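Colleague: Can you walk me through this model? I'll ask as we go.

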Amino acid sequence: MAEQIPLVDYLVLGDEPHLVANQCTGCGARFFDRRNACASCGKTEFTKVGIDTTGEVRAFTIVSFAAPGVPVPYVAAMVDCGGTSVRGNLINVAPDPEHVSLGMKVRLATEVIGTDEQGTEAIGFGFEPVGG
Amino acid sequence: MASDDLWILGIHMTKFGKHPDEDLVDLASEAVQGALADGGVTMADMGVIGAGNLMMAQAGIGQQVQKQLGQTGVPVYNVSNACATGATALRVACMAVKSGEADMGLAFGVEKLSGAGLLAGGSRKEESPTWTPSGRYGAVAPIDGRIGTEIMPGVFAQIGMEYGHRYGGTSFELFARISEKNHSHSTLNPKAAYSKKMSLEQIMGDIMIAYPNTRPMCSANCDGAAAAVVVSGAKLKTLSLEQQKRAVKIAASVLTTDPWEESCQILPDVNTLTRNAAIQAYEQAGIGPSDLDLVELHDCFATAELVHYDNLMLCETGGAVDFFNSGATWRDGSMPVNVSGGLESKGHPIGATGIANVWEVATHLRGEAGDRQIVGAKVGLAHVIGLGSACGVHILEKAA
Ligand SMILES: [Zn+2]
(Lines give C-alpha, C1' and ligand atoms only; values in the text may rest on other atoms or scores of the structure.)
Protein backbone atom coordinates (compact mmCIF):
# COMPACT_ATOMS: atom_id res chain seq x y z
CA MET A 1 0.00 0.00 0.00
CA ALA A 2 1.18 3.50 -0.83
CA GLU A 3 2.48 5.77 1.91
CA GLN A 4 -0.20 8.17 3.09
CA ILE A 5 -0.16 11.69 4.53
CA PRO A 6 -3.20 13.58 5.87
CA LEU A 7 -4.34 16.73 4.04
CA VAL A 8 -4.20 18.57 7.36
CA ASP A 9 -2.47 17.73 10.60
CA TYR A 10 -5.71 17.48 12.58
CA LEU A 11 -6.83 14.48 10.53
CA VAL A 12 -5.58 11.22 12.08
CA LEU A 13 -5.42 8.34 9.60
CA GLY A 14 -5.30 4.62 10.42
CA ASP A 15 -7.99 2.03 11.01
CA GLU A 16 -10.40 4.56 12.44
CA PRO A 17 -9.76 7.94 10.85
CA HIS A 18 -10.84 10.86 13.01
CA LEU A 19 -10.17 14.52 13.70
CA VAL A 20 -8.33 15.87 16.73
CA ALA A 21 -8.60 19.33 18.26
CA ASN A 22 -6.46 21.38 20.62
CA GLN A 23 -8.58 21.74 23.72
CA CYS A 24 -7.85 24.57 26.14
CA THR A 25 -7.12 23.24 29.63
CA GLY A 26 -8.59 26.41 31.08
CA CYS A 27 -12.01 26.71 29.45
CA GLY A 28 -12.40 23.70 27.18
CA ALA A 29 -12.54 25.70 23.94
CA ARG A 30 -11.51 23.61 20.94
CA PHE A 31 -9.40 24.69 17.98
CA PHE A 32 -8.14 22.87 14.89
CA ASP A 33 -5.22 25.17 14.09
CA ARG A 34 -1.79 25.63 15.68
CA ARG A 35 -2.33 27.90 18.68
CA ASN A 36 -0.51 30.74 20.37
CA ALA A 37 -3.14 30.90 23.09
CA CYS A 38 -6.83 30.35 23.67
CA ALA A 39 -9.04 32.93 21.96
CA SER A 40 -11.67 32.45 24.61
CA CYS A 41 -9.70 32.71 27.87
CA GLY A 42 -6.08 33.43 26.93
CA LYS A 43 -4.53 30.35 28.56
CA THR A 44 -1.69 28.70 26.69
CA GLU A 45 -2.03 25.01 27.62
CA PHE A 46 -3.88 22.60 25.38
CA THR A 47 -4.53 18.88 25.26
CA LYS A 48 -5.37 16.83 22.14
CA VAL A 49 -8.90 15.51 22.05
CA GLY A 50 -10.57 13.23 19.50
CA ILE A 51 -13.71 14.59 17.83
CA ASP A 52 -16.86 12.49 17.29
CA THR A 53 -16.91 11.06 13.78
CA THR A 54 -20.68 11.43 13.43
CA GLY A 55 -22.66 14.61 13.42
CA GLU A 56 -25.46 16.74 12.07
CA VAL A 57 -25.35 19.33 9.26
CA ARG A 58 -25.98 22.77 10.78
CA ALA A 59 -25.31 24.78 7.64
CA PHE A 60 -24.36 24.09 4.04
CA THR A 61 -23.95 25.74 0.69
CA ILE A 62 -23.48 24.28 -2.76
CA VAL A 63 -20.64 26.14 -4.41
CA SER A 64 -21.08 26.42 -8.18
CA PHE A 65 -18.61 29.19 -8.86
CA ALA A 66 -15.14 29.04 -7.31
CA ALA A 67 -11.56 30.19 -7.76
CA PRO A 68 -9.74 28.86 -10.84
CA GLY A 69 -8.82 25.19 -10.56
CA VAL A 70 -11.31 24.34 -7.82
CA PRO A 71 -13.75 21.68 -9.14
CA VAL A 72 -17.44 22.61 -8.80
CA PRO A 73 -20.07 21.97 -7.71
CA TYR A 74 -19.19 20.92 -4.20
CA VAL A 75 -21.06 21.05 -0.92
CA ALA A 76 -19.39 23.00 1.89
CA ALA A 77 -20.84 22.54 5.34
CA MET A 78 -20.59 23.11 9.04
CA VAL A 79 -21.21 19.90 10.95
CA ASP A 80 -22.01 19.63 14.65
CA CYS A 81 -20.01 16.64 15.89
CA GLY A 82 -21.18 16.04 19.44
CA GLY A 83 -21.07 19.72 20.33
CA THR A 84 -17.91 20.59 18.42
CA SER A 85 -18.41 22.44 15.14
CA VAL A 86 -16.37 21.15 12.22
CA ARG A 87 -15.87 22.54 8.73
CA GLY A 88 -15.90 20.06 5.88
CA ASN A 89 -17.36 19.15 2.52
CA LEU A 90 -20.29 16.78 2.19
CA ILE A 91 -19.08 13.91 0.00
CA ASN A 92 -20.52 10.72 -1.48
CA VAL A 93 -23.80 12.56 -2.01
CA ALA A 94 -25.22 14.35 -5.07
CA PRO A 95 -24.41 18.09 -4.75
CA ASP A 96 -27.96 19.36 -5.11
CA PRO A 97 -30.64 20.62 -2.71
CA GLU A 98 -32.72 17.46 -3.23
CA HIS A 99 -30.02 15.29 -1.68
CA VAL A 100 -28.50 17.60 0.92
CA SER A 101 -30.49 19.07 3.78
CA LEU A 102 -30.15 20.91 7.06
CA GLY A 103 -30.15 18.56 10.03
CA MET A 104 -28.93 15.67 7.89
CA LYS A 105 -27.00 13.00 9.86
CA VAL A 106 -23.49 12.45 8.54
CA ARG A 107 -20.25 10.66 9.40
CA LEU A 108 -16.58 11.32 8.67
CA ALA A 109 -15.19 9.71 5.53
CA THR A 110 -11.80 9.97 3.87
CA GLU A 111 -10.80 10.23 0.23
CA VAL A 112 -7.58 10.36 -1.75
CA ILE A 113 -6.69 13.94 -2.78
CA GLY A 114 -3.75 13.04 -5.00
CA THR A 115 -0.39 11.31 -5.22
CA ASP A 116 2.98 13.08 -5.22
CA GLU A 117 6.25 12.23 -7.02
CA GLN A 118 7.30 9.83 -4.25
CA GLY A 119 4.05 7.93 -4.62
CA THR A 120 2.67 9.26 -1.35
CA GLU A 121 -1.09 9.68 -1.24
CA ALA A 122 -2.59 12.75 0.40
CA ILE A 123 -5.80 11.83 2.24
CA GLY A 124 -8.53 14.38 2.80
CA PHE A 125 -11.80 14.11 4.68
CA GLY A 126 -15.41 15.00 4.30
CA PHE A 127 -18.75 13.94 5.71
CA GLU A 128 -21.09 11.45 4.04
CA PRO A 129 -24.74 10.73 4.76
CA VAL A 130 -25.30 8.05 7.40
CA GLY A 131 -27.01 5.04 5.87
CA GLY A 132 -26.92 6.81 2.52
CA MET B 1 -27.42 70.81 20.96
CA ALA B 2 -25.08 69.58 23.66
CA SER B 3 -21.46 70.63 23.25
CA ASP B 4 -20.16 67.05 23.19
CA ASP B 5 -22.69 65.79 20.64
CA LEU B 6 -21.38 64.65 17.28
CA TRP B 7 -22.95 65.90 14.07
CA ILE B 8 -22.58 65.27 10.38
CA LEU B 9 -22.09 68.68 8.85
CA GLY B 10 -21.64 67.60 5.25
CA ILE B 11 -21.85 64.27 3.45
CA HIS B 12 -21.65 63.03 -0.12
CA MET B 13 -21.46 59.86 -2.16
CA THR B 14 -20.50 59.46 -5.79
CA LYS B 15 -22.66 57.49 -8.14
CA PHE B 16 -21.78 53.83 -7.68
CA GLY B 17 -20.97 51.87 -10.82
CA LYS B 18 -18.24 51.75 -13.42
CA HIS B 19 -15.84 54.70 -13.40
CA PRO B 20 -13.15 53.54 -15.86
CA ASP B 21 -11.74 57.03 -16.37
CA GLU B 22 -11.38 57.94 -12.71
CA ASP B 23 -8.77 56.53 -10.36
CA LEU B 24 -9.07 56.09 -6.60
CA VAL B 25 -7.91 59.65 -5.95
CA ASP B 26 -10.43 61.09 -8.44
CA LEU B 27 -13.32 59.22 -6.86
CA ALA B 28 -12.26 60.03 -3.31
CA SER B 29 -11.73 63.68 -4.24
CA GLU B 30 -15.20 63.93 -5.74
CA ALA B 31 -16.72 62.55 -2.53
CA VAL B 32 -14.58 64.74 -0.26
CA GLN B 33 -15.19 67.92 -2.25
CA GLY B 34 -18.89 67.11 -2.25
CA ALA B 35 -18.96 66.62 1.52
CA LEU B 36 -16.96 69.80 2.19
CA ALA B 37 -19.21 71.85 -0.11
CA ASP B 38 -22.30 70.30 1.47
CA GLY B 39 -21.05 71.37 4.91
CA GLY B 40 -19.89 74.82 3.76
CA VAL B 41 -16.32 74.16 4.94
CA THR B 42 -12.88 73.54 3.44
CA MET B 43 -9.93 71.20 3.93
CA ALA B 44 -8.39 73.90 6.14
CA ASP B 45 -11.19 73.35 8.67
CA MET B 46 -10.50 69.63 9.04
CA GLY B 47 -8.48 68.69 12.13
CA VAL B 48 -8.18 65.00 11.35
CA ILE B 49 -8.73 62.66 8.41
CA GLY B 50 -9.88 59.03 8.49
CA ALA B 51 -9.23 57.48 5.08
CA GLY B 52 -10.67 54.09 4.15
CA ASN B 53 -9.64 51.77 1.33
CA LEU B 54 -9.23 48.01 1.31
CA MET B 55 -7.73 46.72 -1.92
CA MET B 56 -4.88 49.27 -2.05
CA ALA B 57 -4.55 49.56 1.70
CA GLN B 58 -0.78 50.11 1.56
CA ALA B 59 -1.06 53.10 -0.79
CA GLY B 60 -1.74 55.83 1.78
CA ILE B 61 -4.92 57.07 0.11
CA GLY B 62 -5.43 59.76 2.76
CA GLN B 63 -2.18 61.54 1.90
CA GLN B 64 -2.78 61.03 -1.83
CA VAL B 65 -6.08 62.88 -1.50
CA GLN B 66 -4.44 65.61 0.61
CA LYS B 67 -1.91 66.09 -2.21
CA GLN B 68 -4.79 66.91 -4.56
CA LEU B 69 -7.11 68.82 -2.24
CA GLY B 70 -5.00 70.38 0.48
CA GLN B 71 -1.82 69.43 2.33
CA THR B 72 -2.75 70.95 5.65
CA GLY B 73 -0.47 68.81 7.79
CA VAL B 74 -3.22 67.34 9.96
CA PRO B 75 -3.03 63.70 11.05
CA VAL B 76 -4.28 61.09 8.58
CA TYR B 77 -5.34 57.64 9.71
CA ASN B 78 -5.42 55.24 6.75
CA VAL B 79 -7.67 52.38 7.78
CA SER B 80 -8.56 49.00 6.37
CA ASN B 81 -11.13 46.79 8.10
CA ALA B 82 -12.67 44.54 5.44
CA CYS B 83 -16.20 45.63 4.50
CA ALA B 84 -16.37 47.79 7.64
CA THR B 85 -13.52 49.99 6.32
CA GLY B 86 -15.72 53.05 5.64
CA ALA B 87 -17.44 52.81 9.02
CA THR B 88 -14.01 52.52 10.64
CA ALA B 89 -12.82 55.72 8.91
CA LEU B 90 -15.94 57.45 10.19
CA ARG B 91 -15.27 56.11 13.69
CA VAL B 92 -11.77 57.66 13.53
CA ALA B 93 -13.24 61.10 12.83
CA CYS B 94 -15.90 60.59 15.51
CA MET B 95 -13.36 59.52 18.15
CA ALA B 96 -11.06 62.45 17.39
CA VAL B 97 -13.89 64.98 17.59
CA LYS B 98 -15.46 63.35 20.65
CA SER B 99 -12.12 63.41 22.47
CA GLY B 100 -11.67 67.10 21.75
CA GLU B 101 -8.49 66.62 19.71
CA ALA B 102 -10.27 68.15 16.73
CA ASP B 103 -13.50 70.12 16.40
CA MET B 104 -14.06 68.96 12.84
CA GLY B 105 -12.95 65.80 11.12
CA LEU B 106 -13.18 64.30 7.65
CA ALA B 107 -13.87 60.66 6.88
CA PHE B 108 -13.89 59.10 3.44
CA GLY B 109 -13.94 55.66 1.89
CA VAL B 110 -13.19 54.68 -1.67
CA GLU B 111 -12.84 51.51 -3.73
CA LYS B 112 -12.49 50.45 -7.35
CA LEU B 113 -13.89 46.96 -7.79
CA SER B 114 -15.54 46.89 -11.22
CA GLY B 115 -14.89 43.53 -12.79
CA ALA B 116 -13.16 42.18 -9.68
CA GLY B 117 -15.00 38.83 -9.70
CA LEU B 118 -14.97 36.58 -6.66
CA LEU B 119 -13.21 37.95 -3.61
CA ALA B 120 -11.33 35.48 -1.35
CA GLY B 121 -11.00 31.79 -1.92
CA GLY B 122 -7.64 30.33 -2.88
CA SER B 123 -6.82 29.64 -6.51
CA ARG B 124 -5.55 26.13 -7.00
CA LYS B 125 -2.06 26.39 -8.44
CA GLU B 126 0.41 23.66 -9.34
CA GLU B 127 0.83 21.47 -6.35
CA SER B 128 4.33 20.86 -4.98
CA PRO B 129 6.08 17.70 -6.22
CA THR B 130 6.19 16.28 -2.69
CA TRP B 131 3.55 16.83 -0.04
CA THR B 132 4.88 19.30 2.50
CA PRO B 133 2.73 20.39 5.44
CA SER B 134 2.55 24.15 5.86
CA GLY B 135 0.51 26.82 7.57
CA ARG B 136 -1.56 26.71 10.73
CA TYR B 137 -3.34 23.48 9.77
CA GLY B 138 -0.23 21.69 8.50
CA ALA B 139 -1.98 21.41 5.13
CA VAL B 140 -0.21 19.64 2.25
CA ALA B 141 -2.50 21.20 -0.40
CA PRO B 142 -4.88 24.18 -0.67
CA ILE B 143 -7.94 23.58 1.48
CA ASP B 144 -10.45 26.04 -0.06
CA GLY B 145 -12.97 23.76 -1.77
CA ARG B 146 -11.59 20.66 -0.06
CA ILE B 147 -12.46 21.55 3.53
CA GLY B 148 -15.46 23.79 3.11
CA THR B 149 -15.35 27.10 1.29
CA GLU B 150 -13.64 30.43 1.73
CA ILE B 151 -15.56 32.31 -0.96
CA MET B 152 -17.82 35.02 0.44
CA PRO B 153 -21.05 33.94 -1.32
CA GLY B 154 -20.57 30.48 0.19
CA VAL B 155 -19.69 31.69 3.67
CA PHE B 156 -22.71 33.99 3.82
CA ALA B 157 -24.94 31.32 2.27
CA GLN B 158 -24.12 29.09 5.23
CA ILE B 159 -24.79 31.95 7.64
CA GLY B 160 -28.32 32.25 6.27
CA MET B 161 -28.78 28.47 6.20
CA GLU B 162 -27.64 28.16 9.82
CA TYR B 163 -30.36 30.64 10.79
CA GLY B 164 -32.82 28.45 8.91
CA HIS B 165 -31.59 25.37 10.72
CA ARG B 166 -31.98 27.06 14.08
CA TYR B 167 -35.38 28.65 13.58
CA GLY B 168 -36.91 27.11 10.45
CA GLY B 169 -38.84 28.76 7.65
CA THR B 170 -36.04 29.57 5.23
CA SER B 171 -35.92 28.45 1.61
CA PHE B 172 -34.22 29.37 -1.64
CA GLU B 173 -37.37 31.29 -2.55
CA LEU B 174 -37.45 33.22 0.72
CA PHE B 175 -33.88 34.44 0.27
CA ALA B 176 -34.63 35.31 -3.37
CA ARG B 177 -37.63 37.38 -2.25
CA ILE B 178 -35.33 39.49 -0.07
CA SER B 179 -33.25 40.17 -3.16
CA GLU B 180 -36.42 40.96 -5.15
CA LYS B 181 -37.24 43.64 -2.56
CA ASN B 182 -33.83 45.29 -2.76
CA HIS B 183 -33.73 45.24 -6.56
CA SER B 184 -37.20 46.76 -6.56
CA HIS B 185 -36.07 49.51 -4.17
CA SER B 186 -33.07 50.29 -6.38
CA THR B 187 -35.28 51.50 -9.23
CA LEU B 188 -35.78 54.76 -7.31
CA ASN B 189 -32.08 55.33 -6.62
CA PRO B 190 -30.19 57.22 -9.34
CA LYS B 191 -26.87 56.57 -7.54
CA ALA B 192 -27.26 52.77 -7.60
CA ALA B 193 -24.91 50.73 -9.80
CA TYR B 194 -27.87 48.58 -10.89
CA SER B 195 -31.39 49.97 -10.82
CA LYS B 196 -33.35 47.35 -12.74
CA LYS B 197 -36.34 45.66 -11.17
CA MET B 198 -35.93 41.88 -11.16
CA SER B 199 -38.72 39.35 -10.86
CA LEU B 200 -38.49 36.44 -8.44
CA GLU B 201 -38.24 34.10 -11.44
CA GLN B 202 -35.35 36.10 -12.90
CA ILE B 203 -33.50 36.08 -9.59
CA MET B 204 -34.00 32.35 -8.95
CA GLY B 205 -33.22 31.50 -12.56
CA ASP B 206 -29.98 33.49 -12.73
CA ILE B 207 -26.52 31.94 -12.43
CA MET B 208 -26.10 30.04 -9.16
CA ILE B 209 -22.97 31.18 -7.33
CA ALA B 210 -23.29 29.38 -3.99
CA TYR B 211 -26.71 27.90 -3.17
CA PRO B 212 -28.97 29.54 -2.26
CA ASN B 213 -27.27 32.75 -3.49
CA THR B 214 -27.61 33.38 -7.23
CA ARG B 215 -25.73 36.24 -8.89
CA PRO B 216 -28.32 39.00 -8.26
CA MET B 217 -28.43 37.89 -4.61
CA CYS B 218 -24.75 38.81 -4.24
CA SER B 219 -23.43 42.32 -3.64
CA ALA B 220 -22.37 44.03 -6.83
CA ASN B 221 -18.67 44.80 -7.29
CA CYS B 222 -18.37 48.39 -8.48
CA ASP B 223 -16.46 51.66 -8.08
CA GLY B 224 -17.46 54.45 -5.74
CA ALA B 225 -16.61 56.74 -2.87
CA ALA B 226 -18.33 58.50 0.01
CA ALA B 227 -17.21 61.13 2.49
CA ALA B 228 -18.51 62.87 5.61
CA VAL B 229 -17.54 65.88 7.71
CA VAL B 230 -18.03 65.33 11.44
CA VAL B 231 -18.34 68.33 13.76
CA SER B 232 -18.72 68.76 17.53
CA GLY B 233 -21.88 70.29 18.96
CA ALA B 234 -19.78 73.11 20.41
CA LYS B 235 -18.34 74.02 17.01
CA LEU B 236 -21.67 73.62 15.23
CA LYS B 237 -23.18 76.29 17.53
CA THR B 238 -20.70 78.78 16.07
CA LEU B 239 -21.72 78.02 12.46
CA SER B 240 -24.58 79.49 10.43
CA LEU B 241 -28.24 78.66 11.06
CA GLU B 242 -28.40 77.07 7.63
CA GLN B 243 -25.49 74.76 8.50
CA GLN B 244 -27.12 73.92 11.83
CA LYS B 245 -30.45 73.14 10.18
CA ARG B 246 -29.00 70.67 7.71
CA ALA B 247 -26.66 69.01 10.22
CA VAL B 248 -27.62 65.45 11.17
CA LYS B 249 -26.93 64.19 14.68
CA ILE B 250 -24.77 61.10 15.14
CA ALA B 251 -26.71 59.68 18.05
CA ALA B 252 -24.55 56.56 18.18
CA SER B 253 -21.28 55.47 16.62
CA VAL B 254 -20.10 51.96 17.49
CA LEU B 255 -17.52 49.49 16.22
CA THR B 256 -17.25 45.92 17.53
CA THR B 257 -15.33 42.74 16.73
CA ASP B 258 -16.47 39.15 17.07
CA PRO B 259 -16.17 37.75 20.59
CA TRP B 260 -15.24 34.08 20.88
CA GLU B 261 -18.12 31.69 20.34
CA GLU B 262 -17.93 27.91 19.98
CA SER B 263 -18.22 27.74 16.19
CA CYS B 264 -16.81 31.14 15.24
CA GLN B 265 -13.52 29.83 13.83
CA ILE B 266 -15.40 27.25 11.74
CA LEU B 267 -18.07 29.53 10.26
CA PRO B 268 -17.58 33.25 10.93
CA ASP B 269 -20.09 34.51 13.50
CA VAL B 270 -21.56 37.72 12.10
CA ASN B 271 -24.39 37.61 14.60
CA THR B 272 -22.93 38.20 18.05
CA LEU B 273 -20.86 41.27 17.14
CA THR B 274 -23.79 42.83 15.28
CA ARG B 275 -26.10 42.27 18.22
CA ASN B 276 -23.45 43.69 20.58
CA ALA B 277 -23.01 46.75 18.36
CA ALA B 278 -26.76 47.25 18.13
CA ILE B 279 -27.23 47.02 21.91
CA GLN B 280 -24.46 49.58 22.46
CA ALA B 281 -25.83 51.86 19.75
CA TYR B 282 -29.42 51.83 21.05
CA GLU B 283 -28.08 52.57 24.52
CA GLN B 284 -25.89 55.47 23.27
CA ALA B 285 -28.79 56.92 21.32
CA GLY B 286 -31.30 56.33 24.08
CA ILE B 287 -33.76 54.75 21.65
CA GLY B 288 -35.04 51.30 20.78
CA PRO B 289 -35.38 49.56 17.42
CA SER B 290 -39.07 50.52 17.17
CA ASP B 291 -38.02 54.20 17.03
CA LEU B 292 -36.22 53.67 13.71
CA ASP B 293 -37.80 55.03 10.53
CA LEU B 294 -35.37 53.32 8.16
CA VAL B 295 -32.41 50.95 8.25
CA GLU B 296 -29.55 50.43 5.82
CA LEU B 297 -28.03 47.08 6.73
CA HIS B 298 -25.22 45.01 5.26
CA ASP B 299 -26.93 42.80 2.67
CA CYS B 300 -23.65 41.67 1.12
CA PHE B 301 -25.75 38.63 0.21
CA ALA B 302 -29.49 38.04 0.41
CA THR B 303 -28.80 35.34 3.01
CA ALA B 304 -27.10 37.94 5.23
CA GLU B 305 -29.97 40.43 5.26
CA LEU B 306 -32.27 37.93 6.95
CA VAL B 307 -30.00 37.29 9.95
CA HIS B 308 -29.41 41.00 10.53
CA TYR B 309 -33.15 41.68 11.00
CA ASP B 310 -32.71 39.55 14.09
CA ASN B 311 -29.22 40.77 15.07
CA LEU B 312 -30.31 44.43 14.95
CA MET B 313 -33.39 43.44 16.96
CA LEU B 314 -35.78 44.74 14.30
CA CYS B 315 -37.83 41.60 15.05
CA GLU B 316 -38.28 39.07 17.84
CA THR B 317 -35.41 36.60 18.33
CA GLY B 318 -35.91 33.84 15.78
CA GLY B 319 -38.62 35.81 14.02
CA ALA B 320 -36.78 37.16 10.98
CA VAL B 321 -38.63 34.99 8.47
CA ASP B 322 -42.08 36.01 9.71
CA PHE B 323 -40.91 39.62 9.95
CA PHE B 324 -39.83 39.63 6.30
CA ASN B 325 -42.93 37.77 5.16
CA SER B 326 -45.09 40.41 6.85
CA GLY B 327 -43.79 42.94 4.33
CA ALA B 328 -42.27 45.08 7.10
CA THR B 329 -38.96 45.67 5.34
CA TRP B 330 -40.34 46.89 2.01
CA ARG B 331 -40.21 50.65 1.59
CA ASP B 332 -43.92 50.96 2.38
CA GLY B 333 -43.65 48.63 5.38
CA SER B 334 -43.31 49.38 9.08
CA MET B 335 -39.48 49.13 9.05
CA PRO B 336 -38.08 49.96 5.61
CA VAL B 337 -34.75 48.19 5.10
CA ASN B 338 -32.31 49.03 2.31
CA VAL B 339 -34.46 51.52 0.45
CA SER B 340 -31.26 52.42 -1.42
CA GLY B 341 -31.37 49.02 -3.10
CA GLY B 342 -28.76 47.66 -0.73
CA LEU B 343 -25.42 46.22 -1.64
CA GLU B 344 -27.11 43.80 -4.04
CA SER B 345 -28.15 46.62 -6.39
CA LYS B 346 -26.70 49.92 -5.18
CA GLY B 347 -23.34 48.16 -5.19
CA HIS B 348 -20.55 47.46 -2.74
CA PRO B 349 -17.32 49.38 -3.36
CA ILE B 350 -16.02 48.00 -0.08
CA GLY B 351 -14.17 50.98 1.43
CA ALA B 352 -17.01 53.37 0.55
CA THR B 353 -19.92 51.26 1.78
CA GLY B 354 -19.77 52.16 5.49
CA ILE B 355 -20.10 55.88 4.71
CA ALA B 356 -22.45 55.53 1.74
CA ASN B 357 -25.08 53.87 3.92
CA VAL B 358 -24.75 56.74 6.41
CA TRP B 359 -25.24 59.13 3.47
CA GLU B 360 -28.41 57.29 2.51
CA VAL B 361 -29.88 57.58 6.01
CA ALA B 362 -28.78 61.22 6.41
CA THR B 363 -30.33 62.12 3.05
CA HIS B 364 -33.72 60.76 4.17
CA LEU B 365 -33.48 62.58 7.50
CA ARG B 366 -32.83 65.82 5.63
CA GLY B 367 -35.85 65.12 3.43
CA GLU B 368 -33.66 65.21 0.33
CA ALA B 369 -34.05 61.62 -0.94
CA GLY B 370 -36.27 62.55 -3.87
CA ASP B 371 -38.49 59.78 -5.26
CA ARG B 372 -37.39 57.27 -2.66
CA GLN B 373 -37.85 59.57 0.35
CA ILE B 374 -39.23 57.82 3.42
CA VAL B 375 -41.66 60.54 4.39
CA GLY B 376 -41.15 62.08 7.80
CA ALA B 377 -38.04 60.03 8.63
CA LYS B 378 -36.47 61.25 11.87
CA VAL B 379 -34.20 58.40 13.03
CA GLY B 380 -32.26 55.84 11.02
CA LEU B 381 -29.60 53.19 11.46
CA ALA B 382 -26.69 52.23 9.22
CA HIS B 383 -24.93 48.88 9.69
CA VAL B 384 -21.93 47.19 8.07
CA ILE B 385 -20.10 43.94 8.65
CA GLY B 386 -16.55 43.24 7.60
CA LEU B 387 -15.75 39.55 7.69
CA GLY B 388 -12.97 38.66 10.05
CA SER B 389 -14.90 40.36 11.71
CA ALA B 390 -15.78 44.00 12.39
CA CYS B 391 -19.22 45.57 12.73
CA GLY B 392 -20.04 49.26 12.49
CA VAL B 393 -23.38 50.69 13.58
CA HIS B 394 -24.32 54.36 13.35
CA ILE B 395 -27.64 55.81 14.45
CA LEU B 396 -28.57 59.21 13.01
CA GLU B 397 -31.20 61.68 14.14
CA LYS B 398 -32.75 64.60 12.31
CA ALA B 399 -31.87 68.01 13.75
CA ALA B 400 -34.63 69.13 16.13
ZN1 LIG C 1 -9.53 28.78 27.04
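This is a predicted model: local features need pLDDT of at least 70, side-chain atom pairs count only at pLDDT 80 or more; totals for chains, interfaces and linings use all residues.

Colleague: How many residues of chain B are in contact with chain A?

Modeller: 41 residues of chain B, against 56 residues of chain A; contact means heavy atoms within 4.5 Å.

Colleague: And what area is buried between them?

Modeller: About 4200 Å², with carbon and sulfur atoms giving 60%. Buried area is the accessible area (1.4 Å probe) that two parts lose on being put together, summed over both.

Colleague: Which three residues supply more of chain B's share than any other three?

Modeller: B:Trp131, B:Arg136 and B:Ile266, with 19% of the area that chain B buries against chain A.

Colleague: Switching to helices. At what angle do α1 and α2 of chain B pack?

Modeller: Helix α1 (residues 24-39) of chain B and helix α2 (residues 61-69) of chain B pack at about 70 degrees, their axes 10 Å apart. Axes are lines fitted to C-alpha atoms, for helices over the stretch in contact, and angles run from 0 to 180 degrees between N-to-C directions. Helices (H or I, at least four residues) and strands (E, at least two) are DSSP runs, numbered from the N terminus. α1(B) and α2(B) are therefore roughly perpendicular; angles under 35 degrees count as roughly parallel, over 145 as roughly antiparallel, 65 to 115 as roughly perpendicular and the rest as oblique.

Colleague: How do α5 and α10 of chain B cross?

Modeller: At roughly 90 degrees, with the axes of α5 (residues 172-186) of chain B and α10 (residues 302-311) of chain B coming within 8 Å. Residues of α5(B), including B:Phe175 and B:Ile178, meet residues of α10(B), among them B:Leu306 and B:Tyr309.

Colleague: Where is the cis peptide bond in chain A?

Modeller: Between A:Val72 and A:Pro73, with omega about -5 degrees. A:Pro73 is in the loop between β6 (54-63) and β7 (74-81) of chain A.

Colleague: What is the phi of B:Met313?

Modeller: Positive, about 65 degrees, although B:Met313 is not a glycine. Most residues other than glycine have a negative phi.

Conventions:
Residues are numbered from 1 along each chain as its sequence is written. Chains are lettered from A and ligands numbered from 1 in the order in which they are written. Side-chain values use heavy atoms; hydrogens and water are left out.
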